[in-house]
Amino acid sequence: MYEKLKAPTSGQKITFKNGEPQVPDNPIIPFIRGDGTGIDIWPATQKVLDAAVEKAYNGKKKINWFKVYAGDEACDLYGTYQYLPQDTLTAIKEYGVAIKGPLTTPVGGGIRSLNVALRQIFQLYACVRPCRYYPGTPSPHKSPEKLNVIVYRENTEDIYLGIEWKQGDEIGQKLIKLLNEELIPSTPEHGKKQIPTDAGIGIKPISKTGSQRLVRRAIKQALGLPKDKQQVTLVHKGNIMKYTEGAFRDWGYELATAEFRDECVTERESWILGNKESKSDISNEDNARMVDPGYDSLTPEKQKEIVREVETVLSSIWETHGNGKWKEKIMVNDRIADSIFQQIQTRPDEYSILATMNLNGDYLSDAAAAIVGGLGMGPGANIGDEAAIFEATHGTAPKHAGLDRINPGSVILSGVMMLEFMGWQEAADLIKKGLGEAIANQEVTYDLARLMEPKVEPLKCSEFAEAIIKRF
């Protein structure tokens, strides 16, 4: 099966059923050490994960680690430009769940990004990035403890699909000519728009299938959160890009109100229900007027549309969601992308799960991580219906490699996500407890120590791992 690898002789596979992992007590889990500082942070991470599992389950559960290769380390073993060997792909497909350190972006070899390649090969459509604050972590924000969000970023579409042509490319020039001379003029809403003939050009696909499977997974996560955190916010730029970003929003609402009707209420529905609860004899027209403050300046056709919306909501869900019952449901709302960047800083405690397309999610997850302490403390997961890969969210930082000084927090917390995904919550909670207490006691690596006031003596990467374990 493998060219250069040998799988563990003990342990069992993790399988998937209806998109959910079926986890034995002794799973085999492939790991990619990672390039650069992976040489330091992976051993620290493995030590913490193994200690937590042993402490939580007294030997009744155990991870059987299977080393596989990607990035520069793979080239050393498999040959030049073999950044992502077939052995590694076979192992991840065979065992279902994997974890990895940071990987170098290849120079040559035909792969733009190893991370993007893995997501697309295994259809890991949900990039999941929790951003929460551990007390004592240095932060540029005044109240970082108010932010506790999970970003669900669509992983396989949008501009990250990488379909583009550089300026002057023959195919790109043909496409620009076709658009300018035939397709754009034949669509009246585009008016006299033209693409510059010296432009590079890219394609931004957003599909109903891709959008809804992401929102579905986000809502399922919300179902397991405390009642005060059961909210999913659809993030988009639909005011400008109506048929891609706007469609993402519309498809998200459609999915929520079709598949999760009993568990969900949309923000507009809550307004309509709330208006009726505040004034039982309110007319549908007055209800519509309260839902849309600009109602009286709208065209008659638009006014009728909003009134019909009010009528539909009251006739279809008043019995199940009215009289305050909607307050116990998952709230699904939406926000414009640029607005949400402001609001996670000014009103962070109003948000819980942010469901976004690929590019918006890339920006937003890093911005949120910065508020709570930076990418060194930012975990990540890439999840599909038949595989999941958990990963460091930062780069390889090669100048720090082998110095035993880098913060392993990102990979350790990604391991926490992996344990939670596997249903091993007891072990995951031990690590969160240990890490939180170590930081609160100012036992941290140099990246955090140098920002603390007064300055503290930093721990080595390996010492930070020991400090976490000591507090289980």
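The structure is a predicted model, in which local features need pLDDT of at least 70 and side-chain atom pairs count only at pLDDT 80 or more, while totals for chains, interfaces and linings use all residues. Residues are numbered from 1 along each chain as its sequence is written, and side-chain values use heavy atoms, with hydrogens and water left out.

Lys142 is found in the loop between strand E6 (126-132) and strand E7 (148-154), strands being DSSP runs of at least two residues and helices runs of at least four, numbered from the N terminus. Lys142 counts as exposed because its relative accessibility is 80% (exposed means over 50%, buried under 20%, and partly exposed in between, with a 1.4 Å probe and protein chains only).

Another loop, between E7 and strand E8 (164-165), holds Ile163. With a relative accessible area of 36%, Ile163 is partly exposed.

Turning to the largest pocket, 33 residues line this space, and Pro130, Ile150, Gln221, Leu225 and Glu420 lie nearest its centre. A pocket here is an open set of points on a 1 Å grid over the protein atoms alone where a 1.4 Å probe fits, with protein on both sides within 12 Å along at least five of seven lines; lining residues have an atom within 4 Å of a point. Elements that each supply at least two lining residues include E6, E7 and helix H6 (208-223). Helix H13 gives the most to the lining, with five residues.
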